[in-house]
Amino acid sequence: MLDFIKINPQDNVAVALHPIEKGTEFETVTCLEDIPQGHKVALKDIAKGEMVMKYGLPIGHATEDIAAGHWVHTHNMATNLSGEVEYTYCPAVKEVSPLEAKTFMGYRRKDGRAAIRNEVWIIPTVGCVNDVARTLVEQNQDLVTGSIDGLYTFTHPYGCSQTGHDHAQTRKLLAALVRHPNAAAVLVLSLGCENLTHEQFLAELGDYDPERVKFLTCQQVEDEFEAGREILKDLCAYASQFEREEMSVSELVVGMKCGGSDGLSGITANPTVGRFSDLLVAMGGSTVLTEVPEMFGAESFLLNRCVSTEVFEKASNMLNGFKDYFISHHEVVYDNPSPGNKQGGITTLEDKSCGCVQKGGSAPIVDVIGYAEAVTKRGLNMLYGPGNDLVSATALTASGAHLILFTTGRGTPFGAPAPTMKIATNTPLATKKKNWIDFNAGVVADGEKTLDEAGADLLALVCEVASGKKTTSEEKGFRGIAIFKDGVTL
């Protein structure tokens with residue numbers, strides 16, 4: 001088993017693949033102190049002010065002289081990031097060679113879209129009816145029969161006492177969930193006096209199939225549970241007509257994100273997802289990369305892969321727009337990573353970002369889409385959204401992602417409305433938290449698999465999940481949404 005990995009020939013640090021004891025040798029360096037798993041060791045003397053290089057890019061600068069063999073972390077290095085950057089487009093688009101598409105067993109919707117789950121959803125338009133929605137789910141499980149995969153609701157605290165853009169963002173997100181293909185049928189549940197009115201919601205939703213989408217306003221009926229059950233009977237009858245059939249993976253849309261990252265995220269799990277992304281794109285499918293703040297400092301990995309000047313400008317505007325969002329709230333753009341990230345070996349936002357964007361593989365970036373906007377172009381897409389796990393996973397679902405690949409070095413149990421596959425960066429996590437983890441990318445650090453092999457294995461598992469295999473979070477019924485809030489509460 002390897003002790004360290006030097007990711008790029010230009011790097012002046014290496015990453016420990018497991019806990020390393022003082023005195024261990026790597027290349028021409030002897031460790032002068034213990035190095036925790038996922039953390040960095042200096043491969044040469046690094047002078048105060050000199051750039052610390054990882055992934056072939058600067059991830060910060062030394063705040064003191066660092067001797068070769070010493071641990072490199074928050075105590076002796078800091079970020080280089082500040083505010084906006086003027087980006088220059090130097091196209092370096094590498095076309096993906098087409099591959100024969102694999103297949104999965106999915107559902108064909110009446111509008112022609114593919115789906116991987118056949119569920120009935122209850123979407124509350126306001127937090128006041130959350131308990132009504134939960135009770136309707138609990139009391140009507142007997143309607144889940146035949147090909148129906150489940151009856152679920154996704155509660156939230158919004159839909160009222162919001163204004164302007166913040167109000168519009170909630171409305172847009174909820175309408176996007178109603179349109180999601182994994183929902184065979186949807187009950188939109190309202191109270192009746194909220195400022196997200198029925199008329200507003202209909203305008204946001206646009207054309208819809210009245211057999212698939214039905215509405216209930218609780219203040220307009222005597223017994224919302226009785227009225228809700230009658231509607232759910234019709235919706236479940238509609239949903240039960242769909243059966244699985246063979247489909248091409250070229251119809252899949254897969255979201256990609258990371259959370260609870262560690263120093264191995266950018267070495268094992270994220271590049272494994274990147275290999276998967278390139279394979280799916282080569283087969284005609286689509287992937288979606290989000291977490292905009294976790295692209296700061298790693299833009300060079302992404303922007304020159306945009307397929308056109310138009311897409312480049314959308315991407316650079318998205319990046320600087322998110323920095324403006326931080327600054328407008330009097331926050332610095334580099335206030336990341338989290339305490340858990342740092343404990344796992346990530347030191348600066350550049351360090352985190354360079355590992356995060358590995359999920360995007362090497363395929364061209366075909367489009368940049370806004371919050372709660374749907375993927376319309378096949379290939380690798382960038383999505384406007386924050387790094388927060390629940391908010392970004394919800395945004396990926398709203399973009400039309402059939403399932404989400406979620407890499408983690410620390411572990412997390414949550415699930416989005418779309419099936420959420422947890423991918424461990426290291427074997428100890430996968431072994432300890434089998435009830436959370438669906439795939440172990442730690443085999444790459446263990447030397448058991450190459451990244452290409454792990455990526456191919458991940459594609460095979462994605463096909464199984466798309467065909468009905470439940471993720472660990474699905475098995476436990478862990479599902480939820482979080483809406484990206486940016487405004488006052490009245």
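The legends below describe close-up views of a predicted model.

**View 1. The largest pocket and its lining.**
In this predicted model, the largest pocket holds about 690 Å³ of space. Its lining is made up of 33 residues, and those lying nearest the centre of the pocket are D111, R113, A114, R179 and P181. Sorted by class, the lining of the largest pocket comprises 13 nonpolar, 8 polar and 12 charged residues.

**View 2. The second largest pocket, with α5 and α11.**
The volume of the second largest pocket is about 480 Å³, and 22 residues line this pocket, with G266, P271, R275, Q358 and L451 the closest to its centre. Two helices, α5 (269-282) and α11 (442-445), each supply at least two residues of this lining, and the helix that gives the most is α5, with 4 residues. The lining of the second largest pocket divides by class into 12 nonpolar, 6 polar and 4 charged residues.

Searching the whole structure for cavities of 30 Å³ or more finds 1, and the space in the largest cavity amounts to about 70 Å³. Of the 14 residues lining the largest cavity, D262, S265, I346, K352 and G355 are the closest to its centre. Helix α8 (residues 349-356) provides the largest share of this lining, namely 4 residues.

**View 3. An open antiparallel sheet of 4 strands.**
The strands of this open sheet follow the order β1-β2-β5-β8, and their pairing is antiparallel. At the edges are β1 (4-5) and β8 (71-72), each of which pairs on one side only. Strand β2 (residues 13-16) pairs with strand β5 (residues 40-42) in the antiparallel sense over 3 bridges, and the bridge partner that V15 finds in β5 is K40. In general, the strands of a sheet pair through backbone hydrogen bonds.

**View 4. The surroundings of W436.**
W436 is located in the loop between α10 (427-432) and β23 (439-440). Although W436 and S473 are 37 residues apart along the chain, their C-alpha atoms are separated by 6.8 Å. When neighbours within four places in sequence are left aside, the residues in contact with W436 are G411, T412, P413, K422 and T472.

**View 5. The aromatic pair Y238 and F242.**
A search of the whole structure finds 15 aromatic pairs, one of which is formed by Y238 and F242. The ring centres of Y238 and F242 lie 5.6 Å apart and the ring planes stand at 75°, so this pair is edge-to-face. Both Y238 and F242 are buried.

The rings of F322 and F326 have centres 5.8 Å apart and planes at 55°, so the pair counts as tilted. F322 and F326 are separated by about one helical turn because they are 4 residues apart in helix α6 (residues 309-328). The relative accessible area of F322 is 1%, and this residue is therefore buried; F326, at 17% relative accessibility, also counts as buried, since the cut-off for that class is under 20%. Ring pairs link F322 and F326 into a cluster with F296, Y325, Y371, Y384 and F484.

Technical notes. Residues numbered from 1 in each chain as written. Predicted model: local features only at pLDDT ≥ 70, side-chain atom pairs only at ≥ 80, totals over all residues. Heavy atoms only, no water. 1 Å grid on protein atoms, 1.4 Å probe; cavity = no way out; pocket = protein on both sides within 12 Å on 5 of 7 lines; lining within 4 Å. Points joined across faces, edges and corners; volume = space filled by probe spheres on them. Nonpolar A, V, L, I, M, F, W, Y, C, P; charged D, E, K, R; others polar. Pairing = 2+ DSSP bridges. Contact = heavy atoms within 4.5 Å. Phe/Tyr/Trp six-rings, centres within 6.5 Å; stacked < 30°, edge-to-face > 60°. Buried < 20%, exposed > 50% of the residue type's maximum accessible area, 1.4 Å probe, protein only.
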